[in-house]
Amino acid sequence: MSNQLEPIKDPGLPAHVHRKTDTDPKAADRAERQVAAMFGISALGTVLLVVSYVFIPDDIFVFIPVMGNQNAHQLGLGMGMAISLFFIGLGAIHWAKTLMPDHEVVMQRHEFRSAEEDRKDFVATVKEGAANSGLGRRSLIKRSLGAALGLSALSPVLLLRDLGPLPGPEQKMTNWKSGTYLVTDPGDRRIKASDLEVGSVAQVMPEFANPKDRHLDDIAKDALLLIRLRPSEFNLDPDRLAMTHEGIIAFSKICSHMGCAVALYEQTTKHLLCPCHQSTFDVTRAAKVIFGPAARPLPQLDITVDGEGYLIARKPFSEPVGPSFWGREK
Amino acid sequence: MTVEAKLGQVANYVDERTGAAAFLKKSLKKVFPDHWSFLLGEVALYSFVILLLSGTFLTFWFDPSMREVVYEGSYQPLEGVKMSAAYASALHISFEVRGGLLMRQIHHWAALIFMAAIVAHLLRVFFTGAFRKPREGNWIIGIGLLTLGIVEGFLGYSLPDDLLSGTGIRIAEAIIQAFPVVGSYLSYFAFGGVFPGEVFIPRIYIVHVLLLPGAFLALITVHLMLVWYQKHTQYPGPGRTEKNVVGYPLMPMYMAKAGGFFFIVFGVTAFLGAVASINPIWLYGPYTPGQISAGSQPDWYMGWLDGLVRMAPPIETYFFGYTISWNILIPGLIIPGILFTGMALYPFIESWITGDKREHHLLDRPRNAPNRTALGAMSLTFMLVTLINGGNDLIATHFDLSINQIMWGTRIGVLVLPPLAFIITKRLCLSLQRADRELVLHGRETGRLLRMPSGEFVEVHEPISPEKAYILTSHEQLPALDLPAVDARGVKRAGALKNKLRSRLSKANAESVPKVSADDLKQIENH
Amino acid sequence: MKRLSRFRRHKAAAPLLLIFALIGIGGTFSVASATTANETTAVERSTLIEEGRQIFLKGCSSCHGLNAEGVSIAPSLIGVGAASVDFQVGTGRMPMADMSTQAIRKAPVYTEEEVAALAAYVASLAPGPEIPGMEALNFERDGSTAEGGELFRNNCAMCHNFAGQGGALTQGKYAPTVMGVLPKHIYEAMITGPQAMPVFNDKTITPEEKLSIIKWIKSAEAEPNLGGASLGRVGPVTEGLLAWTLGLGLLIGVAVWLATKAK
């Protein structure tokens, strides 16, 4: 190959080219003034920062083209800081480039491996040390040490046990019980079936005696989306159809993929879209996944009305809501 | 007393108490090669310092608590809204602490630039082959820093507990839950029970401000010490060899430049913090699991992951009542795991393929390592395609496309484009090698035409300088490994399959356009 | 709540009638005789409806059918109400420029008077949501910004983005920005559910709550950029883009300058 051929010769480091500032004292003085000017601008930047901090109230806005209305206080502080820092850097680099000696220096490298003899000695020492410890011969020690070390690693794992409780049944339960009223979120008003017209949606929560007791942990599982279609638009199994009420269908709002709130309902296509990963669910077919990474339909809540026509849950969810986990179906 | 004399006294003082004169003298004279691409790592380092400074400022007011409070601050559109104390204190920093918003924005911009600089630095190191022996260990530390950076950034932007970041935590929880067998346990331990609980923000806070920065400091220190001890690599050029370093001494030139550059990085970050809004948490609103915003995306360095998750096929398997969410495991854990492991092991893989166990201090021009460059282009294409899908909703609305089209485009693209990028890049590298060869043999095309006495037109070629000719030919061209399937005695070697694979890879790796030798030039002259 | 619906029935009607009267009589004379508007309503109304029908026949019937009964390419307008017409035609969405996925907001084709006539005609076909009156739209007085923000994040942000900038839906459809939209039109969109948008009726989101949403939208619209250029208020994507281009770009620029030798 070409490696055996004689390579083109290394012409060696190119000759040093003198800068203007090296040969012309005037140019050097000019460079000095430039550096000083940059440091001066930096000082002005700090002045701007101080002035902005002390004198500009934070409710004054100035119009800057492209950027729109800007908070003068924030802009003054930031620009002051940026200028003061940036120009120190600019000055220092300009100083280095123009006035500090720029002769390239060659430093020799040495291969990292030590001299053959040293290395042999070193390797031998390691081997000897290992042999003297008897690690190779006394397998009982080796094995028991390995086991002990391995086991000792368990202690931090064990000590971290109290980070949280073990998964319990609450993981699969929501606050939707038989007869729980559906209430608006926010507002906590009960909803009559007749309140919803075709094409409308409502964000819904289970009724709490005191809405103040509803915490994020509850919302994370209870959030519900109520949609009203024409009953004729459904394409459902009879048992699923029985879970609806006069065209009103209720789905868990927590995505079966990764738990985002699925609530982008398109009235025209009857599709529900999750904005996080774009799983698309067909409402007319019990939230069947028609696009995207979700593998399961959204859980459907069985709803009906009470004597006065208010919407209630007939039964709790028949499956856990939200993302999948190992023992979800157990 | 002059400055020189004073500094001299300081040096004297230090040595009398440490005896470090010999070491420090050598250090001050240490030579650093100068090239803009060597500053990418510096940008990351300085961003880290800025992150420490601005982050400390933020901790003075930030209250990492998920306690429910009612907002009573000065931002009127959120007045009386229930929120976590963490979110309320982040609003307090933004609106009541003077310069607080600026610091928040500097902190966040510095984080984005930190990650961008790490990736740019990684690309430089990869494409120039700077990871080769003896720097494999430092490469692995670098991969570690990148991984930590992604985690640290995610935890950082999760702290304010706004609607966007809370959605991110929700997704992280889904990934944790997806672990087979232990998922629910891990999730319950991390969140202290069911999601979101009340302990997660305080926990990630201490990880974000203490544990990970500590790990960063330790790794960065080792990273820099190794650079220091092993000396910097340099680009090939006249006078530069594997046995030397050509550049400027630490004192004063490099000190002034590097020190100045710190201020530049800080200045640019402050500039961005002043003029461009970042993470306007007051617009997002406080987190509640029942709400969501259109176009919920993570910060850019997680975008590829989000894009992968989006394009994943909807597969879950169920057996004996147990669920395995492949739609989360594959894009969320398996592919990133393969990518990062492969990246960390690459130096060893390459040296196994080339059989090259020597030290390398001269960098490769990417075209002279076509296989590596093509592999890099392939990985980069993969990342870009997934990143694009991570922003598919915004791309759809801004370029009149549909998310479904983009999703299918990237689903197919992520399989088709990376191999295509490999092939194209490799061909491109070989063409560039050919161009180099032409240039050395026949010189530069001047564009001047000359009419020969015969009436024929020829273009005048100008010979290139010896320096240039040297740069274009100084690289090594290693032959492929010779790994016969049978040994000298005709016995089949052990691990035949492995050998076969190795020799095929080696052969592909050695493919090149022969570089010009001095003999070639002599031949031409004799013509 | 009762108080407000009463407003809607009485006071809200007044300015509307005024407009009707203006068109019907068509001149300065009408202003003087506005005191008798109540008595002339029926007559004015029928002229207005007739006028609307004429506009409809010319501009809309080719798609929606001669009696607004709808054909395969366009839905029936019977029962959609005046609010729907006012929204669709008043924001320029109708008539559609082309039969693309979605009607886009553009400069209205018809004048306010013509829109009112069209609305009156469609409303005459069957009862439907009415155009909210000025009095009913006093969001400054009757709305609460903070409450509106919560309602917006719960009901609107999933499609229209956290700051009302709009977002993508499936198959190329999108939720438009709600910035720069008249309060009346925002209100009408909520009660009529135009195109892909679902209906948010007055029982699940009360009229007061709707006004709060409008108030929050208007506050977000007027909110100056508190932290610098807004970058479109679309979240981390544009931020990442800027970090790579302006941020790292500037730094690489300085690095190149730093590493070149001075002359």
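Okay, one definition to start: two strands pair if DSSP finds at least two bridges between them. Helices (H or I, at least four residues) and strands (E, at least two) are themselves DSSP runs, numbered from the N terminus.

With that in hand, look at chain A, where strand β5 (residues 201-206) and strand β6 (residues 224-228) run antiparallel and are joined by 4 bridges. Within that, V201(A) has I227(A) as its bridge partner in β6(A).

A quick word on the source: this is a predicted model, where local features need pLDDT of at least 70, side-chain atom pairs count only at pLDDT 80 or more, and totals for chains, interfaces and linings use all residues. Residues are numbered from 1 along each chain as its sequence is written, and chains are lettered from A and ligands numbered from 1 in the order in which they are written.

Back to the sheet. In chain A there's an open one of 5 strands, ordered β4-β5-β6-β7-β12, with antiparallel pairing. At its edges stand β4 (182-184) and β12 (300-301), each with a single partner strand, so one side of each has no neighbour in the sheet.

Last stop, chain C. All 11 of the 11 residues of helix α9 (residues 145-155) are buried, so the helix is largely enclosed by the rest of the structure. Buried means 20 or more other C-beta atoms within 10 Å of a residue's own, with C-beta atoms placed from the backbone. Among the buried ones are F152(C) and R153(C).

Conventions: A residue is buried if 20 or more other C-beta atoms lie within 10 Å of its own, exposed if 12 or fewer, and partly exposed in between; C-beta atoms are placed from the backbone.
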